[in-house]
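Work through the exercises below with the structure open. Each task is followed by a stepwise solution.

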Amino acid sequence: MKKIGLLIPFSGEFPSLREVLLNPLKNYCNEKDIALFPEFIGNGNPKGVETAIEKLYYQEDVDVILGYVSYHVMIGLFDKVKKFRPKRFINISLGEVITDDFQLLHPENYILIGYHAWWMQSMLAYWLADQLKPESCLVCTSLYDAGYSLLECFRIGYHSGCSNKLDYSILKNNPGVSSADALIDEIKDRNPSHVHVLLCGQELDDFIKKFQQEITYKPTISFAFPVEIKSDLSHPAFSNCYFAGDLHLYDKGNALFEAPYKHIFSNVMDSILRYLNGEDPRNNHLVIFEADLCDQTFKAVEQYVQFPDMTDAFKESAQSLPVWQNPYLCI
């Protein structure tokens, strides 16, 4: 391996990719005497990605292309990737679900390495149901986040752990609207003993703010991802929250709460470097954390969790529910 091409999108949360992908890969290439060819692909539209791939393969003659490209774009480029065998294409994933059968459709020189949010959601849900045994659970999410199927992943894990009631409340905000009023009203109406929050951005900020102002009891809370806290928290419920993650993600203390996406992408980069070194890229050391968001501290409460095999539940769900038809999902 003498040349690596790197595709870097520049939209949404992804500007951090420059820091957590480009810089570590530069260091790696310098140490290994490998030439690095970065290509910035903007919002990652199909034509832009195809142009960048052709440049890197044809003009630069790279051995490996590495990048974050959404799956619905990659589907249209599989034939092109095949043409460059044995040169490899490594795609970065944050939440796609892949079944064994579906993976057969991938070109053999296409490798997907990522932070499997779907797996972590189902495992966290199983642990919460099995250990906390909540009388009722309410998932608070938005139309956008639910579209990525993480709600369904949580449902599968939760019902694998217990048969207690699980309700959903999904924001259907118009573009530019971030109010979480509907979710807060559902919590006040149902009084669930556990609340799972699958939100991000301004909707999450509004949810946290209004939860503190209007919720008068103390349910246990779990979050889909580490939360970027932008205000002081004082509600007692936020002193008893749960996350799932890899142990080494949490070795930098409170920085986790300040830049969660940076830590997630750093985890993916670690996996990629292991793969490039010929090692197993997977990091299956799942840890359940209990966090006090009021003082931004956390501790591992379960490090070696034994989970049931949920493969059949996922396959059955994939065959029967339209949630999996989202074009961003690998199923």
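## Exercise 1: Salt bridges between helices

The count for this predicted model comes to 13 salt bridges.

**Task.** Determine which side chain Lys210 meets in a salt bridge, and where the two partners lie.

**Solution.** 
1. Start with the place of Lys210: helix H10, residues 201-214.
2. List its contacts beyond four places in sequence. Lys210 touches Ser179, Ala180, Asp181, Ile184 and Ile215.
3. Pick out the salt bridge. The side chains of Asp181 and Lys210 meet at 2.6 Å, N to O.
4. Locate the partners. Asp181 is in helix H9 (residues 181-190) and Lys210 in helix H10, so this pair, 29 residues apart, links distant parts of the chain.
5. Check accessibility. Lys210 has a relative accessible area of 16%, and the cut-off for buried is under 20%, so Lys210 is buried. Asp181, at 36%, is partly exposed.

## Exercise 2: Two partners for one lysine

**Task.** Lys188 forms a salt bridge with Asp185 and another with Glu214.

**Solution.** 
1. Take Asp185. The closest N and O atoms of the Lys188 pair with Asp185 are 4.0 Å apart.
2. Take Glu214. Here the closest N and O atoms are 2.8 Å from each other.
3. Lys188 is partly exposed at 38%. Asp185 is partly exposed at 42%. Glu214 is partly exposed at 30%.
4. Note a further group: salt bridges with shared partners join Lys165, Asp167, Glu186 and Arg190 into one network.

## Exercise 3: Strand S10

**Task.** Is strand S10 enclosed by the rest of the structure or left open? Which strands pair with S10, and in what sense?

**Solution.** 
1. Count buried residues. In S10 (residues 241-246), six of the six are buried, so the strand is largely enclosed by the rest of the structure.
2. Recall the rule. In a regular strand, side chains alternate between the two faces of the sheet.
3. Sort the side chains. Cys241, Phe243 and Gly245 point one way, while Tyr242, Ala244 and Asp246 point the other way. Both sets are buried.
4. Find the parallel partner. Strand S9 (residues 220-223) runs parallel to S10, joined by two bridges. Ile221 stands opposite Cys241.
5. Find the antiparallel partner. Strand S11 (residues 286-292) pairs with S10 over six bridges. Ala244 stands opposite Ile288 in S11.

Key
Residues are numbered from 1 along each chain as its sequence is written. This is a predicted model: local features need pLDDT of at least 70, side-chain atom pairs count only at pLDDT 80 or more; totals for chains, interfaces and linings use all residues. Side-chain values use heavy atoms; hydrogens and water are left out. Helices (H or I, at least four residues) and strands (E, at least two) are DSSP runs, numbered from the N terminus. Contact means heavy atoms within 4.5 Å. Buried means under 20% relative accessible area, exposed over 50%, partly exposed in between (1.4 Å probe, protein chains only). Two strands pair if DSSP finds at least two bridges between them.
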